[in-house]
Amino acid sequence: MKTQHDPIESFGGFGLGLRRPHYDEFLAGRDEGGGTGGSVPVDFVEVISENYMIDGGRQLRILEQVRANYPVIIHGVSMSIGSAGGLDGDYLAKLKQLEQRIDPLWVSDHLCWTRTSAHNSHDLLPMPLTQEGLQAVCDNIDHAQNTLGRAMLFENPSSYLTFPEDELSEWEFLTAMTQRTGCYLLLDVNNIYVSAANHGFSAEEYLAGLPLDRVRQIHLAGHDPATPERDIIIDTHDRDVSEGVWDLYAQALAVLPQPVATMIERDDHIPPLSELLRELDRARGIAGENAGAAPQKVPA
């Protein structure tokens with residue numbers, strides 16, 4: 001049953017995913033007394049939840065040290081919100097423990113399924129966009145949000161196939177999902193670009209059909225373009241953001257009714273931090289040109 005949770009306030013900050021090669025730079029010059037004393041010019045960092053859903057150790061200590069200086073978003077890849085058999089109770093308990101330990105800005109995951117009762121694919125598998133699938137997702141979101149005691153964000157996936165049983169467009173599915181559960185959206189602009197190219201729908205129609213007032217964060221990432229031998233785009237997060245994705249980002253900012261947090265994702269072939277910061281500066285510039293608003297102060 002849907003339960004009301006405190007709203008997630010919007011802000012227009014700019015951040016990066018916290019990745020192992022950059023730990024030392026995020027820890028350098030930190031304010032041992034707490035507060036936002038980090039030396040890297042970002043407004044927040046995002047981490048993969050599952051990497052820190054542990055009882056202790058160096059990895060978790062580093063996150064706690066980073067959290068003393070930067071707001072943190074925890075972003076999951078294995079909740080499997082689309083699982084027909086419901087959510088894994090042990091997974092939710094570990095996620096809640098991490099959430100209580102880190103006190104993140106918010107908690108997010110993906111609109112997908114990743115596991116059955118006996119197998120975890122470790123991949124973000126596509127949902128059948130049906131009324132039955134929608135009900136299962138909403139039931140699971142209600143369970144997750146009630147367990148955590150807070151509203152969550154869910155990310156639109158990149159996809160490479162559709163189901164003949166589909167009854168809704170993805171934007172219709174996302175709209176109904178937010179209305180029924182009170183959740184918010186993490187808008188992955190690269191994923192819209194990839195899926196639109198792969199399935200032949202309009203990225204602009206996708207944006208126009210979303211409940212834009214529920215968007216709180218944007219992801220930007222690179223992808224592997226189509227080739228003569230392969231006519232689909234692959235979402236890889238292993239290279240710079242493409243020009244087409246930058247253009248779509250500008251279009252999204254122009255229609256969003258509130259400031260949103262923007263993050264650059266890089267999960268492979270991770271470059272020096274300075275290169276990612278240059279990309280983030282480009283995002284700041286586009287936001288200034290298209291949204292016409294200065295970034296809001298990020299909550300501590």
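Buried means under 20% relative accessible area, exposed means over 50%, and partly exposed lies in between, with a 1.4 Å probe and protein chains only. By this rule Ala197 is partly exposed, with a relative accessible area of 46%.

The legends below describe a predicted model, in which local features need pLDDT of at least 70 and side-chain atom pairs count only at pLDDT 80 or more, while totals for chains, interfaces and linings use all residues. Residues are numbered from 1 along each chain as its sequence is written, and side-chain values use heavy atoms, with hydrogens and water left out.

**Figure 1. Overview of the protein, with its 9 helices and 12 strands.** Helices (H or I, at least four residues) and strands (E, at least two) are DSSP runs, numbered from the N terminus. Of the 300 residues in the protein, 54% are buried. A contact means heavy atoms within 4.5 Å. Among contacts between residues at least 6 apart in sequence, 82% join residues at least 24 apart.

Figure 2. Met177 is buried, and its relative accessible area is 0%. Leaving aside neighbours within four places in sequence, Met177 is in contact with Leu111, Leu134, Val137, Cys138, Ile141, Phe154, Gly182, Cys183 and Leu185. One of these residues, Cys138, is 39 residues from Met177 along the chain, yet the two C-alpha atoms are separated by 6.1 Å.

**Figure 3. The cysteines Cys138 and Cys183.** A disulfide is a pair of cysteine sulfur atoms within 2.5 Å, and a search of the whole structure finds 0 of them. Cys138 is buried, with a relative accessible area of 3%, and Cys183 is buried at 0%.

**Figure 4. Aromatic rings: the pair of Phe201 and Tyr206, and the cluster of Phe11, Phe44 and Trp106.** Rings of Phe, Tyr and Trp (its six-membered ring) pair if their centres lie within 6.5 Å; planes under 30 degrees apart count as stacked, over 60 as edge-to-face and the rest as tilted. The structure holds 7 aromatic pairs. In one of them, the ring centres of Phe201 and Tyr206 are 5.7 Å apart and the planes meet at 20°, so this pair is stacked. Phe201 is partly exposed, at 23% relative accessible area, whereas Tyr206 is buried, at 0%. Elsewhere, Phe11, Phe44 and Trp106 are linked into a cluster by ring pairs.

**Figure 5. Arg214 over the face of Tyr184.** A charge sits over a ring if NZ of Lys or CZ of Arg is within 6 Å of the ring centre and within 35 degrees of the ring normal. Here Arg214 lies at 3.9 Å from the centre of the Tyr184 ring.

**Figure 6. Packing of helix H2 (residues 58-67) and helix H3 (residues 89-102).** Two packed helices are described by the angle between their axes and the distance between the axes. Axes are lines fitted to C-alpha atoms, for helices over the stretch in contact, and angles run from 0 to 180 degrees between N-to-C directions. H2 and H3 pack at an angle of about 40°, with their axes 10 Å apart. That makes H2 oblique to H3, given that angles under 35 degrees count as roughly parallel, over 145 as roughly antiparallel, 65 to 115 as roughly perpendicular and the rest as oblique. On the H2 side, Leu60, Leu63, Glu64 and Arg67 meet Leu98, Arg101 and Ile102 in H3.

**Figure 7. Positive phi values at Asp103 and His269.** Asp103 lies in the loop between H3 and strand S4 (107-110). Phi of Asp103 is near 50°, a positive value in a residue other than glycine. Asp103 is partly exposed, at 47% relative accessibility. His269, in the loop between strand S12 (261-264) and H9, also is not a glycine and has a positive phi of about 50°. His269 counts as exposed, at 55% relative accessibility.

**Figure 8. Ala197 in helix H6 (residues 189-199) and Glu289 in helix H9 (residues 273-291).** Ala197 and Ala226 are 29 residues apart along the chain, and their C-alpha atoms are separated by 9.3 Å. Glu289 is exposed, with a relative accessible area of 68%. The C-alpha atoms of Glu289 and Ala254, 35 residues apart along the chain, are separated by 9.1 Å.
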